[in-house]
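Please take a moment to look over the structure below, and then follow the explanation from its inside to its surface.

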Amino acid sequence: MSFSRSSSRLLSAVEDRPAGAAALGEVAIASGLALGMTVVLAVVVLAHRSGRLRALDRLLRWMERSRFFGTLAPWAQLPLMVAMISLVTALLGMYWDIALHIGIGRDEGPLANPAHYPILFGLFGISAAGVLACALPRKGEVGPSAVRLAPGWDAPAGGLLLTGAGTYALLGFPLDDVWHRIFGQDVTLWGPTHLMLIGGAGLSLVAMAVLFEEGRTAVGGRSGVPTYVLRSCLVGGLLIGMSVFQAEFDFGVPQFRLVLQPFLIALAAAFSLVVARLWIGRGAALAAVAFYLVVRGGVSVVVGPVLGELWAAVPLYVVEALLVEAVALVLARRPLVAGVVSGVLIGTVGYAAEHAWTQVAFPLPWTSDVVVEGVAMATVAGAAAGLLGGLLVRGLRRDLPASVRPRLLFALALVAIAAAATNGVVATHPSDLEADIRVTGESTGADGREVDLEVTLDDPSALDGEPAWLTVTAWQGGQESAGLVVHHLEGVGQGRWRTTEPVPAAGTWKTMVRLHDGRDLSAMPLYLPEDTALGEPEIPMTDATRAFDEEKLLLQRELDDDVPGWLWLAAGLVVLLCSLALVLGLGWGVNRYARAARPDVPESRTPVSV
């Protein structure tokens, strides 16, 4: 029996797991652990800067002599290695954590969930890598893009960006507990503080790209096979980081409209693959996808078959990479145009390729219900992200024009992405749709009672064509089943649907009919267990007539309904503004590196103080 499955059984056996924040004792232990690691890092940095710690200097000299890593200054090599290892560690923890929550629901606290440890150590490692990048260089080693922290202490802009991105992600950990104390647990990947964790980690790759170029420039701008390989791995990591936002769709329990999946795939593909091909060279988009498939696919294997948790599907991106490679054959010398054209093709041809892949690999394949809006959103995302990718490439090449045009294009691209994302998350639900539930058969499964069902809508015309999905979804069952069932209902007549195999109706399972049609997202309970921590009674699986309602009320039973709406809005805006500050900070860092030591920007020749 695997360690993970043993943990799942233990957690599934606890009937009254807390529905809000963690116990203060666990918060104190986690905070103490983070404080201890921070103190150790501070001691190492100060000892190195004062000359009392020679071990880092010896390590840097060894790395400087390395043939493979000699294309980078050693003060950039070491932090980049630490950051990449930390990112993979955090990635494993994130997918493990998502699988656990889908499979067993709430945990007893942050220390009771084994997946939280790799997340915590991984995010701390990203922040620590940024601190090391700021601390390792000696005076005069960084170059004109440096930022002066103190007399005699110049830090690379990429190091500061990496510190900021890692710290932003790490802050999501304690703020998530604060969020739970105010609003209750949000069992969704797209909770505001969860987006801090994912966004900070994913966007740290942009900071790493700047740090890479600063380290390469410091040793004379060397290129070659090692540079090609290292850059490809870095941009492959960027593709992984951008793809984590899709995780709910990967597992099959998205809590937002299906049109967001092609939007997110196009966003990740256009930004990352345009950067790969135009920054690195021919074949680099395919090389980045290969790195992505090995690492991201490897995480699915580890979390699924190895640890015994849920399998997460993997978008392929191969066709998208081929499209970018083809466009670059003609437009490589015009990065912005190449980015937009690549993005449009990714949003259309790439959509078709991923549509076919979802029919094979994903629990919720794309249907005709989302084609028009899905292609439109994917095209907007692809064009905007491709433009951002082109801007980043020009920044890394140091050929950004000294005008307001790059800033204007940067802002327009962000606005387009934000507008499309907002459209994707806005959903409605029918106010008067009901269905008759009839149990047509019973059996006993590994977790207890299982039933066959027939569901008859009271208004057959409520479904206009093929819905995005109409499923019986059961999750948080735990134990041997890995805790998730997604069965598509089969139509057997006007407004009549039936299950094709038995579905859970006992234990800790939360079983419901989920309907997504157009902009409507709704759900109807079939079986919900008693939850004493929430004061919610059991809803038994019986013949009955029940109403569809906003599915968030079922999927996120833990949310506190008594919190005023303005407070949730205010807290969400704070997180949004912090996220915007991170994005603008990354833009500042790319712009600073791009304009350093250029004749048309003479003031950038010397470091400026913070």
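The lining of the largest cavity draws at least two residues from each of helix 4 (74–104), helix 7 (192–218), helix 8 (225–243) and helix 11 (284–306), where helices are DSSP runs of H or I with at least four residues, numbered from the N terminus. This is a predicted model, in which local features need pLDDT of at least 70 and side-chain atom pairs count only at pLDDT 80 or more, while totals for chains, interfaces and linings use all residues. Residues are numbered from 1 along each chain as its sequence is written, and side-chain values use heavy atoms, with hydrogens and water left out.

Helix 4 contributes the most to this lining, with 6 residues. A cavity is a set of points, on a 1 Å grid over the protein atoms alone, where a 1.4 Å probe fits but cannot get out, and its lining residues have an atom within 4 Å of a point. Among the 16 residues lining the largest cavity, Leu 87, Leu 91, Gly 237, Ile 240 and Gly 241 are the closest to its centre.

Leu 171 lies in helix 6 (residues 157–183), and Leu 171 counts as partly exposed because its relative accessibility is 43%.

Key
Buried < 20%, exposed > 50% of the residue type's maximum accessible area, 1.4 Å probe, protein only. 1 Å grid on protein atoms, 1.4 Å probe; cavity = no way out; pocket = protein on both sides within 12 Å on 5 of 7 lines; lining within 4 Å.
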